[in-house]
Amino acid sequence: MIAAGAGTTADRRRTQPAGLSVSDLHVRYGSSHAVRGVSFSVPAGRTLALVGESGCGKTSVALAVSRLLPAGATLEGSVRVGGLDLACAAGRELRDARGRVVAYMPQDAMAALNPVQSAGRQIAEVLRHRRGLGRRAAAAGAVALLAQVGIRDPHTAARRCAHELSGGMRQRVMLAIALAGDPQVLVADEPTTALDVTVQAGILALVRRLVAETHMTLVWITHDIGVVAEIADDVAVMYGGLIVEHGPVREIFERPAHPYTGALVRSPRLSRRAAAKEPFDAIPGSPPLGEFPPGCPFHTRCAHALAACAERMPETLQIADGHRVACHLTGQRA
Amino acid sequence: MARYLATRVGLGVLTIFSVVLLTFLLMFVVPGDPARAIAGPRATPQVLALVRANLHLNEPVMTQFWRYLVGMLHGDLGVSYIQNQPVATLIAQRLPATAELGLSGLALELILGGALGVWDGLRPKRSRLLAVVNVGLLSVPTFSLAFLLLLAFGYELSWFPIDGGTGGSRIVLPALTLGLFGMPYYANVVRDSMQETLAAAYTRTAVAKGLSRGAIIRRHVLRNALSPVLTMAGLDFAILLSGVVFVETVFGWPGIGQLQTQAFYDVDRPVLMGTVVVAAVLVVIATLTIDLLRMLIDPRTRVQAR
Amino acid sequence: MSSRPRHPGPDSPVRAAVPLAAGTLLGGAPGAPEPLLELVDVHKHYRSVRALDGVSLSIAPGETLGMVGESGCGKSTVARLVVALERPTSGRLCFRGEPYPRSTRALRAIRRRVGVVFQDPYDSLDPRFTVGQIVDEPLRAHRLPRGEERVRELLADAGMRDAELDSYPAQYSGGQRQRIGIARALALEPELLVLDEPTSALDVSVQAQILNLLLELQRRRRIAYLFISHDLEVVRRMSDRVAVIYAGRIVELGPAASITASPRHPYTRALIDAIPAPTPAHRQVGMDRPAEDEGAAIRAPRAIDTAGGARASGMAGAGRAARPACPYAPRCPRRTEICAAAEPQLRPADGRLVACHHPLAGAGEGPASQAPRPLALS
């Protein structure tokens with residue numbers, strides 16, 4: 001997956017691109033049921049944006065797919081990449097799959113880097129572990145990866161510790177660590193949420209380029225619908241521990257089927273038509289945290305709620321090619 | 001950086017000065033008449049007056065203090081009332097023995113406590129062993145522990161000599177007392193630190209790389225989890241020294257602590273003052289050294305020093 | 001803070017020796033009423049960091065001035081100075097023409113007329129206080145009429161009509177807590193409300209609610225807002241005029257619509273370009289912008305940090321020589337020698353003020369010569 005232009009001294013393997021297939025995923029933290037039956041697929045080389053607000057379960061999905069859930073959390077369902085079901089993997093097989101089959105990029109890069117080791121060393125560790133490189137070759141490979149993720153002075157950056165780097169650079173280091181393992185699937189968990197908008201733009205452009213070059217399968221978690229528009233091929237919208245809508249990005253933006261998706265797509269940022277001081281499109285209430293109402297999780301805030309919405313969970317129906325939605329209103333519309 | 005060091009050294013000097021002043025003033029509260037102690041119980045009032053004049057005991061307190069301070073800066077800590085030798089000599093003679101005991105004790109408590117803390121830290125719940133150690137050792141005062149060990153292993157079982165002095169296996173029980181006394185302190189903190197480090201995001205990153213459990217613990221967890229130990233040792237140093245005093249007295253270990261205890265009974269003020277001054281200097285030096293070591297090990301603390 | 005009120009005269013170092021026409025741009029339409037709030041050449045230095053480097057602006061009664069910039073630019077410092085939590089290193093702030101007083105006691109008068117709402121709803125409410133106590137506290141401190149009725153009225157105005165006065169902040173969501181914070185800020189009936197990123201910590205679907213509440217409150221009570229945010233789109237929709245701030249200085253200041261439709265300062269342009277696409281159709285396919293120049297300097301170049309120069313000599317002033325004259329120059333594709341030599345002043349251009357030696361000419365021009373993202377309001 002390391003792009004041809006990397007010029008790394010490490011041997012360049014091209015792993016076969018593979019897609020991700022998640023089926024009936026449940027995640028529980030004790031009595032709290034955070035992910036309540038999530039299924040989606042990402043074809044090889046495509047980018048899926050998983051979008052939702054706090055409490056919707058998107059981070060739990062990301063951690064579950066990467067097999068990085070904290071101790072005490074339980075996972076049910078299947079997570080398939082190529083021929084391997086990560087959800088069942090354990091021991092050596094699981095360790096072997098980490099970083100190679102699926103890699104994880106967290107939101108808080110500062111906390112995710114070892115505070116007493118240099119950036120270069122942390123990247124080189126992956127190269128030594130996965131490719132058996134010696135110390136010097138791995139160090140050189142780390143510098144090459146830093147250059148590839150767009151850092152202008154990679155030699156100096158490699159010697160720095162996390163607290164000596166800016167936010168954007170730290171996130172690029174995390175990307176380098178993920179790429180060093182040559183993963184088939186990359187799960188990026190809101191990596192640009194805490195960054196300035198100009199820094200975010202740079203990283204989005206970088207990721208787009210890398211995905212185009214390496215045909216990596218990418219799952220990008222975000223709450224920012226604008227980022228979705230920038231980066232996604234497909235979109236899965238999460239609310240209340242469930243996927244409420246899933247489809248190609250253009251479909252989602254032009255013909256959102258679920259009322260929540262509609263609200264997201266009309267968020268303040270995107271309504272450039274509106275004049276100054278005109279009221280914003282707002283839906284009442286706030287996203288549920290922890291406790292979910294019976295039936296459709298969105299019904300308490302939905303302007304179009306029916307009686308059925310409070311009683312039963314809606315089924316997921318296909319409304320167009322590749323476009324699915326879970327909403328009682330689907331059958332009702334003309 | 002230099003400014004930071006200068007500030008720390010300055011504060012250290014101020015600390016030593018304050019300790020000396022406070023102790024000096026306390027000396028005058030302690031009952032006992034040194035003149036009588038020196039001259040003997042049958043001395044006449046004239047002899048007593050002569051002794052007092054010699055020792056400048058009739059002068060105002062602050063003058064005596066000033067006299068002492070000046071002497072101290074010249075390395076002259078006075079002369080023992082009882083043994084008629086310079087205090088500095090007495091202390092210097094006994095310093096090696098105390099150093100041997102103190103360092104052995106420190107090493108034992110760090111190793112025992114650290115090992116238990118790391119082992120226990122890898123378990124989600126506190127082990128029974130740690131609980132027993134906490135209840136058993138944490139609440140026992142040093143001298144009780146010392147006497148217990150002396151009684152059990154020295155007297156009853158005769159595994160170790162109980163005649164006082166140094167040499168051979170005589171170091172074992174005293175050092176063990178100190179080690180066991182400080183062990184639960186380190187064990188608990190290391191355990192908590194291990195738990196915190198294991199839950200850290202960077203440990204998760206290491207797991208995500210697919211490293212083996214051993215590699216994760218060695219390379220990412222241990223160093224971060226153990227770094228507080230250094231700071232703690234610095235804070236603990238003063239307590240260690242006071243423990244040394246008890247242990248030396250109980251086991252007859254001929255160090256500065258034993259000297260100090262005897263001087264207390266004899267109201268041998270110069271010796272008392274001298275030992276306190278030396279202890280204060282040692283604590284300040286130890287704290288400063290720990291700080292420097294910490295800056296070496298953890299790059300983040302270097303930034304704060306600016 | 002200056003010890004005597006300084007009036008800008010011909011020899012005054014005050015940078016706002018700006019022509020009168022531009023002065024009105026600083027303060028709104030000509031013939032406008034006396035400005036509510038005025039900052040005149042305000043500097044704020046911390047040990048080696050120059051957080052604000054000569055900021056001048058004014059807010060008219062009832063208007064919203066938006067302030068936008070990225071992290072470290074100084075916008076939160078402006079908020080703290082306006083609310084009198086800190087004093088400027090030099091320059092002055094005036095409320096209705098009167099300089100901010102020096103004594104803490106006299107500052108209470110300012111606090112009555114300038115309210116503040118902070119970013120973090122989880123941090124800005126004391127968890128030990130009940131909701132009723134939180135809203136009541138300012139009334140008590142300023143000896144205003146209190147009582148349950150008044151507190152309920154304030155909470156109702158903030159959309160929390162049904163809140164129990166005995167409840168605690170922990171029982172509420174982020175959006176609800178922010179409403180409580182707003183109710184508290186309104187208790188003293190301020191003439192100016194400083195809003196420091198009031199919705200940034202909230203979920204997207206909740207942000208719109210709070211922004212609508214703020215708009216309505218302004219309509220009803222004619223409060224002026226200083227609306228600070230990193231989100232240019234939200235700022236545009238909430239504000240009459242916008243100040244773009246970079247490295248402690250205002251680089252562009254003018255009507256919200258024109259600044260965002262046709263920016264003149266390269267940084268404003270960069271901010272607009274960086275906003276993610278509104279729809280997939282607007283995505284700039286294949287355009288890989290080079291990694292932000294932040295990668296060029298290893299130490300996070302919050303351009304306001306002159307630590308390199310200042311720390312070496314231990315004097316804040318020494319940093320002056322070390323830094324480039326235009327703070328944006330290191331990142332600017334349009335820079336030339338003059339940008340490193342002479343500091344650009346705020347000058348009028350096309351209905352707004354710009355501080356740039358090479359301002360952009362028109363709506364179509366972009367610094368990186370890429371096809372610009374259409375930002376027209378249609």
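In chain C, strands E1 and E2 form a hairpin with four residues between them. Strands here are DSSP runs of type E with at least two residues, and helices are runs of H or I with at least four, each numbered from the N terminus. E1(C), residues 37-45, pairs with E2(C) in the antiparallel sense over seven bridges; two strands count as paired if DSSP finds at least two bridges between them. Within this pairing, C:Leu37 has C:Ile59 of E2(C) as its bridge partner. E2(C), residues 50-59, is mostly covered, with ten of its ten residues buried. By buried I mean that 20 or more other C-beta atoms lie within 10 Å of the residue's own, against 12 or fewer for exposed and partly exposed in between, with C-beta atoms placed from the backbone.

A word on the source. This is a predicted model, in which local features need pLDDT of at least 70 and side-chain atom pairs count only at pLDDT 80 or more, while totals for chains, interfaces and linings use all residues. Residues are numbered from 1 along each chain as its sequence is written, and chains are lettered from A and ligands numbered from 1 in the order in which they are written.

I turn to chain A. Its open sheet of eight strands, with mixed pairing, runs in the order E6-E7-E8-E3-E9-E10-E12-E11. Strands E6 (102-105) and E11 (316-320) stand at the edges with a single partner strand each, so one side of each is left without a neighbour in the sheet. Strand E10 (residues 242-248) and strand E12 (residues 323-326) of chain A run antiparallel and are joined by two bridges. A:Glu245 stands opposite A:Val325 in E12(A).

Which residues touch the most other members of the largest nonpolar core? They are A:Val219, A:Val244 and C:Leu226, in a core of 205 residues. Such a core is a set of buried Ala, Val, Leu, Ile, Met, Phe, Trp, Tyr and Cys residues joined through C-beta atoms within 7 Å. Helix H8 (residues 197-214) of chain A gives the most to this core, with ten residues. A second, separate core has 34 residues, including B:Leu180 and B:Val245.

Finally, chain B is divided into domain 1 (2-73) and domain 2 (87-305), with bounds from an automatic or database domain assignment. The C-alpha centres of these two domains of chain B lie 32 Å apart.
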